[in-house]
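Let's take a friendly walk through some side-chain contacts. Have the viewer open as you read.

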Amino acid sequence: MSPFEIGLISVVAMVVMIYLGVYIPIALGMVSFVTIWILRDNFQLPLALLKIAVGDSVTQYSFATIPLFTFMGLIVSKAGMGEDVYRVMNTVFYRITGGVGMATVGANALFAAVTGSSIASASVFTKVAVPEMMKLNYNKRFAVGVVAGSSVLGMIIPPSAMLIIYAIVAEQSVGHMFLAGIIPGIMLSGAYILAIWVMARLWPRFVVNEGAVNKAPEDLLSAAQLLMLSLPLVGLVITVLGGIYTGWLTPVEAGAAGAALGLLLAIARGKINLKSFWNALLETGHITAAILFLITAASIYSRMLGIAGVPNALGDFLETYQLGFAAVMVMLVLLMLFLGTLLDTASIILIVVPLFLPIVEPLGVNLVWFGIIVVIGAEIGLLTPPLGISCFVIKSTISDPSISLKDVFMGALPFAAVMLCVLLVLIEFPILSTVLLP
């Protein structure tokens, strides 16, 4: 067999292993190691490449953003700021049919701007928003679906761990990735709110049951309460994103400042003690180690693809049949939608990027824009069966036995469709992702 055929077989073998339940970094690393050994008939070469991959992952300065932003997100969650921002948004949208769903989207968007975690958002708003919507007689599928759909905003609205991972793998600026994610994140949030408004009018029974009620005015926040609950979150967003946008802070410094400010807020609110602080540090270490393991495995995987000549062969195929940018984008989106039924977002990014980066670079595309496309495309997988992680988190968090996993997936389906539409718009108009770049 040719190196290209061996490389393709290794990619298929890796996907099969993951589908069978093998831990993703193990599958990536093991298949890549064995493939390089077979291709070069030299056991020392994959060992040397593995050492290089580990060294490259650990020593990159930009990798320090991952533990800092992870810690900030955990501290902010413990401080109860997710509940606060939900109360603020509920007051803003309460008069509108489906307004509690819109409030959930808005709250998730703001919460994502300080946590960067879709899993944290899914967990927090399942406990806060779903019981509220059920009390107001909303459709149960809509209630869990809007939480699932809006939770993925944490992956695109900066600071996002997925944007950091892409920046490291594609050797792009983390700051540029954060700036590029702002407008697409706002677009996706707006598209969700618009979709809820349309569904409430064209498909009202999906949104609310008969006898649904709005919140009573006495349950809403006063102007002073709105201001007091909004200021801490706005301060964090300005510190992190404002510092990066103005150039006063590097992404690593912004992560450190955000983590410190989040810790001070949690202490001031009396929401953290030594035990919870230590638990947050341990969880940060676990998450960081898992991501580092993934990036290391992806590094040797990209080297395996290069040795096998897979990207070059795919590039020659596109050139031979005169397939251009549009064909590459169609292949990319279809592959990500397929992988989304099997893998989590980080794994999709780490598999797709090394495969497509050598193909899209000669086409002259902006690699920061390409990263936004990859992250949003991979996000759709969080809402699709059989491995929609956000849906599983919601099901495991919710206390209502009448809501099944099928209800969660069916409720999330319209929001996955909205994500796909936004993705196509961003592909057609790259300027939407790059306009804020310096």
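## A ring to start with

Is Phe206 buried or exposed? Phe206 is buried, at a relative accessible area of 7%. Please keep in mind that this is a predicted model.

## Aromatic pairs

A pair of aromatic rings is described by the distance of the centres and the angle of the planes. The count for this structure comes to eight aromatic pairs. One of them is stacked: Tyr138 and Phe142 have ring centres 6.0 Å apart, and their planes meet at 25 degrees, where under 30 degrees counts as stacked. Both partners are shielded: Tyr138 is buried at 3% relative accessible area, and Phe142 is buried at 0%.

Phe142 also pairs with Phe206, with 6.1 Å between the ring centres and 85 degrees between the planes, so this pair is edge-to-face. Ring pairs join Tyr138, Phe142, Trp203 and Phe206 into a cluster.

## Salt bridges

Side chains of opposite charge can pair when their charged atoms come close. The structure holds two salt bridges. In one of them, Asp407 meets Lys140 at 3.6 Å, N to O. Asp407 belongs to helix α20 (residues 405-428) and Lys140 to helix α8, so the pair ties together parts 267 residues apart in sequence.

Arg141 forms a salt bridge with Asp407 too, with 2.7 Å between the closest N and O atoms. Through shared partners, Lys140, Arg141 and Asp407 form one network. Asp407 is buried at 5% relative accessible area, whereas Lys140 is partly exposed at 30% and Arg141 is partly exposed at 27%.

Conventions: Residues are numbered from 1 along each chain as its sequence is written. This is a predicted model: local features need pLDDT of at least 70, side-chain atom pairs count only at pLDDT 80 or more; totals for chains, interfaces and linings use all residues. Side-chain values use heavy atoms; hydrogens and water are left out. Rings of Phe, Tyr and Trp (its six-membered ring) pair if their centres lie within 6.5 Å; planes under 30 degrees apart count as stacked, over 60 as edge-to-face and the rest as tilted. Buried means under 20% relative accessible area, exposed over 50%, partly exposed in between (1.4 Å probe, protein chains only). A salt bridge is a side-chain nitrogen of Lys or Arg within 4 Å of a carboxyl oxygen of Asp or Glu. Helices (H or I, at least four residues) and strands (E, at least two) are DSSP runs, numbered from the N terminus.
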